[in-house]
Amino acid sequence: MLEILSFLQNEEKITSDVAQATFLPQEMIYSFPNHNHKIGIIKSGFCQLEGYLNEQWVLLGILKSEDIFGVEILLDDPSLLYDPVKYRITTLQQSEIFFLDREYILNHLYGTEGFQKLLRDCVIQSMIKYANHYLKVFSPPSERIYNALCEIAKNLDLPIIGNKITFPKFVTKTFITRYTRCNRSRVYKTLNELQTKNIILAYHPLQMVPCKEQLLSKTTVSIEK
């Protein structure tokens, strides 16, 4: 499927009306509700999506290149959303973001063949991804932690090099604790167990053997000896 950023580039829609900005790690780049009137598209880097639940910020997922956020601004009145949500986007590493103004989208993109379908596909894929992540929260802690590592590797399209996966530096034990909503001691215990089983290969950065799903994917990179 053609990604939304590639679509805009192919259609020559990345004009001077589209703002581009570079952010350092741990910068908040978007929040809702707010007075923003732009949709964001990640050009490069990784960001985290957090929702405000039970009076605390909860990690809901990771955004990567080509992911979009802020689509609620296309509604005539976002404040009428059922059970209004509160969320924010924060960078996990240096990231480049495109920002498209609501009026620019309505005036120049909605009439472009294929754009609405592409936008809809992106939203549906995001909904399925976050729904799957939510459902896995109810699995046993040990299973949840291993599945979370496989989920992160898959969602970030991490390559298999030398029969191992190397995670970005931000995937730490603390990050995994937030991502899985397990307590810290359970995460540490499970990671140590996985290391004993030679599934976790190293820390700093975190490395592990490939998951079954990845072995069937096209992300494997062979190394000639």
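Reader: Let's start with helix α6. What do its buried residues pack against?

Author: They pack against α4 (141–155), α5 (173–180) and β11 (200–202). Packing here rests on contact, that is, heavy atoms within 4.5 Å. Helices (H or I, at least four residues) and strands (E, at least two) are DSSP runs, numbered from the N terminus. This is a predicted model, in which local features need pLDDT of at least 70 and side-chain atom pairs count only at pLDDT 80 or more, while totals for chains, interfaces and linings use all residues. Residues are numbered from 1 along each chain as its sequence is written, and side-chain values use heavy atoms, with hydrogens and water left out.

Reader: Which residues of α6 are buried, and what puts them on the same side?

Author: Val-187, Thr-190, Leu-191 and Leu-194 are the buried ones. They cover an arc of only 100 degrees around the axis, so they sit on the same side of α6. The arc is taken from the directions that run from the helix axis to the C-beta atoms. Buried means under 20% relative accessible area, exposed means over 50%, and partly exposed is in between (1.4 Å probe, protein chains only). On the face turned away from the buried side, α6 carries the exposed residues Ser-185 and Thr-196.

Reader: Why are α5 and α6 called roughly perpendicular?

Author: In general, two packed helices are described by the angle between their axes and the distance between the axes. Here the angle is about 115 degrees and the axes are 9 Å apart. The axes are lines fitted to C-alpha atoms, for helices over the stretch in contact, and angles run from 0 to 180 degrees between N-to-C directions. Under 35 degrees counts as roughly parallel, over 145 as roughly antiparallel, 65 to 115 as roughly perpendicular and the rest as oblique. The pair is therefore roughly perpendicular.

Reader: What is the handedness of that α5 and α6 crossing, and which residues make the contact?

Author: The crossing is right-handed. A crossing gets that name if the near helix is turned clockwise from the far one by less than a right angle, and left-handed if anticlockwise. On the α5 side the contact is made by Lys-173, Thr-174, Ile-176, Thr-177 and Thr-180, and on the α6 side by Arg-184, Val-187, Tyr-188 and Leu-191.

Reader: And α4, how does its axis cross that of α6?

Author: The two axes come within 10 Å and cross at roughly 70 degrees. That angle makes α4 roughly perpendicular to α6. Among the α4 residues that meet α6 are Ile-145, Tyr-146 and Leu-149, and their partners in α6 include Val-187, Leu-191 and Leu-194.

Reader: What makes α4 roughly perpendicular to α5?

Author: Their axes cross at roughly 100 degrees and come within 10 Å. So α4 counts as roughly perpendicular to α5. The α4 residues in that contact include Ala-148, Leu-149 and Ile-152, with Phe-175, Ile-176, Tyr-179 and Thr-180 from α5.

Reader: Why is Asn-147 called partly exposed?

Author: Asn-147 belongs to helix α4. Its relative accessible area is 22%, which means it is partly exposed.

Reader: What makes Pro-168 count as buried?

Author: Its relative accessibility is 12%, so it falls in the buried class. Pro-168 is in the loop between β10 (165–166) and α5. Leaving aside neighbours within four places in sequence, it contacts Phe-46, Gln-93, Leu-156 and Leu-158.
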